[in-house]
Amino acid sequence: SLVSSQALEETMLRPEILFDLRRIFRQIVLVTIGIEAVGALVLFAEFWATMSAVDAVYAAIFHSISSFCNAGFSLWNDSLCRFSDSTAVLGTLSVLIILGGLGHTVLLELWDECTARKTFRLSFHSQLVLCMSGLLLFGGWGLFALFGTGDWLDCLFQSVTSRTAGFNSIGLHDMPPAALCLTILLMMIGGSPGSCSGGIKTTTIAVWLSWVWAQLNGKQDVCVLGRRLTPELVARARLLVSLAVVLSVLGVMFLLAIEGKDIRFADALFEQVSAFGTVGLTTGITPGLSAAGKIWIILTMFIGRLGPLTLAFWAFGGKRELVRLPEGKVVIG
């Protein structure tokens with residue numbers, strides 16, 4: 001339908017998708033399978049040293065797909081703690097997680113740039129995604145190292161996986177409180193639009209921070225990377241951040257209310273944000289939640305996967321403003 005075609009065009013930011021859907025869909029499938037296959041080969045070479053060939057093949061394929069899709073499922077009870085010293089395993093999984101969290105729009109543009117014979121210029125969206133992803137990756141890496149989370153490899157992997165993948169190479173109980181707070185922040189941000197990741201997305205936080213900076217400096221236009229952002233885009237980003245914060249606060253209150261003294265505030269906050277960002281990390285309280293608590297976590301994951309903005313527009317987007325009321329003034333701040 002026309003509505004579906006327009007939604008697909010806005011999601012992929014490719015106007016030609018309406019006329020060349022087969023080629024673009026084929027590119028997505030080939031790029032996805034190609035990245036996962038290369039990752040599985042590297043992982044197989046590492047796993048084969050400690051397990052049989054059949055088990056190594058299965059584990060390599062499973063973890064390659066789980067990483068690229070930012071699922072975070074592992075075949076071992078300790079996730080990836082047994083590979084905390086393996087640069088090859090954690091490095092390969094980190095690359096897969098990063099690529100899976102960029103989004104198909106960015107991956108296809110990178111593919112076109114690598115295969116095109118002429119000079120190809122990345123779109124503004126891809127430039128913003130890559131800049132924010134790099135800033136969060138290296139910024140989180142440095143802060144985890146500053147907080148004494150572990151060695152450089154564990155800090156790097158934690159910076160990568162916290163944003164939505166859900167793996168862990170060190171026990172969360174061994175992390176200092178400041179590192180847990182940083183993990184919550186990264187889980188809330190998540191990956192990029194059009195990817196397998198959750199959270200409010202990297203572009204949303206970039207637009208929101210640009211709006212805050214513009215307001216603090218008294219600027220009318222919100223600009224980032226030399227481009228002016230439309231008021232409609234800024235308003236959507238502000239609304240999404242507000243909905244995510246309100247949902248998280250209400251979710252923490254709900255968990256504390258139904259679980260009573262059996263749950264700490266820090267654990268409830270971590271569990272709620274992890275569910276909203278569809279990350280899957282936990283401080284260990286998930287198995288002990290009541291039926292109502294588990295149902296709420298399920299609903300939170302569902303909302304986080306669809307996006308609170310999508311649900312809000314579905315519930316309230318059909319109403320039109322027919323009357324404009326008089327302006328009212330109030331002192332704030």
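Guide: Let's start with a word we'll need: contact means heavy atoms within 4.5 Å of each other. By that rule, leucine 243 touches Pro308, Leu309 and Ala312, not counting residues up to four places away in sequence. You're looking at a predicted model, where local features need pLDDT of at least 70, side-chain atom pairs count only at pLDDT 80 or more, and totals for chains, interfaces and linings use all residues. Residues are numbered from 1 along each chain as its sequence is written, and side-chain values use heavy atoms, with hydrogens and water left out.

Visitor: Why is leucine 243 called partly exposed?

Guide: Buried means under 20% relative accessible area, exposed means over 50%, and partly exposed is in between (1.4 Å probe, protein chains only). Leucine 243 has 27%, so it counts as partly exposed. You'll find leucine 243 in helix H10 (residues 231-259). Leucine 243 and glycine 307 are 64 residues apart in sequence, yet 9.7 Å apart in space, C-alpha to C-alpha.

Visitor: What makes serine 210 count as buried?

Guide: Its relative accessibility is 11%, so serine 210 falls on the buried side. Serine 210 sits in helix H9, and it is in contact with Val222, Cys223 and Val224, leaving aside neighbours within four places in sequence.

Visitor: How do you know what counts as a helix or a strand?

Guide: Both are DSSP runs numbered from the N terminus: helices are H or I with at least four residues, strands are E with at least two. That gives this chain 13 helices and two strands.

Visitor: What makes tryptophan 141 and tryptophan 152 an aromatic pair, and why is it called tilted?

Guide: Rings of Phe, Tyr and Trp (its six-membered ring) pair if their centres lie within 6.5 Å; planes under 30 degrees apart are stacked, over 60 edge-to-face, and the rest tilted. The search of the whole structure finds eight aromatic pairs. In the one formed by tryptophan 141 and tryptophan 152, the centres are 6.4 Å apart and the planes 45 degrees apart, so the rings pair and the pair is tilted. The pair links distant parts of the chain, with tryptophan 141 in helix H6 (residues 124-146) and tryptophan 152 in helix H7 (residues 152-161), 11 residues apart. Elsewhere, ring pairs link Phe47, Trp76 and Phe83 into a cluster.

Visitor: What makes lysine 201 stand out in its phi?

Guide: Most residues other than glycine have a negative phi. Lysine 201 isn't a glycine, but its phi is positive, about 90 degrees. Lysine 201 lies in the loop between helix H8 (177-189) and helix H9 (202-216), and at 15% relative accessible area it is buried. Threonine 278, also not a glycine, has a positive phi of about 50 degrees. Threonine 278 is in the loop between helix H11 (265-276) and helix H12 (291-306).

Visitor: How do you know that the radius of gyration agrees with a compact globule?

Guide: The radius is taken over C-alpha atoms, and the globule rule is 2.2 Å times the number of residues to the power 0.38. For 333 residues a compact globule would come out near 20 Å; the chain has 21 Å, so the two agree. Also, buried residues make up 44% of the 333. Among contacts between residues at least 6 apart in sequence, 62% join residues at least 24 apart.
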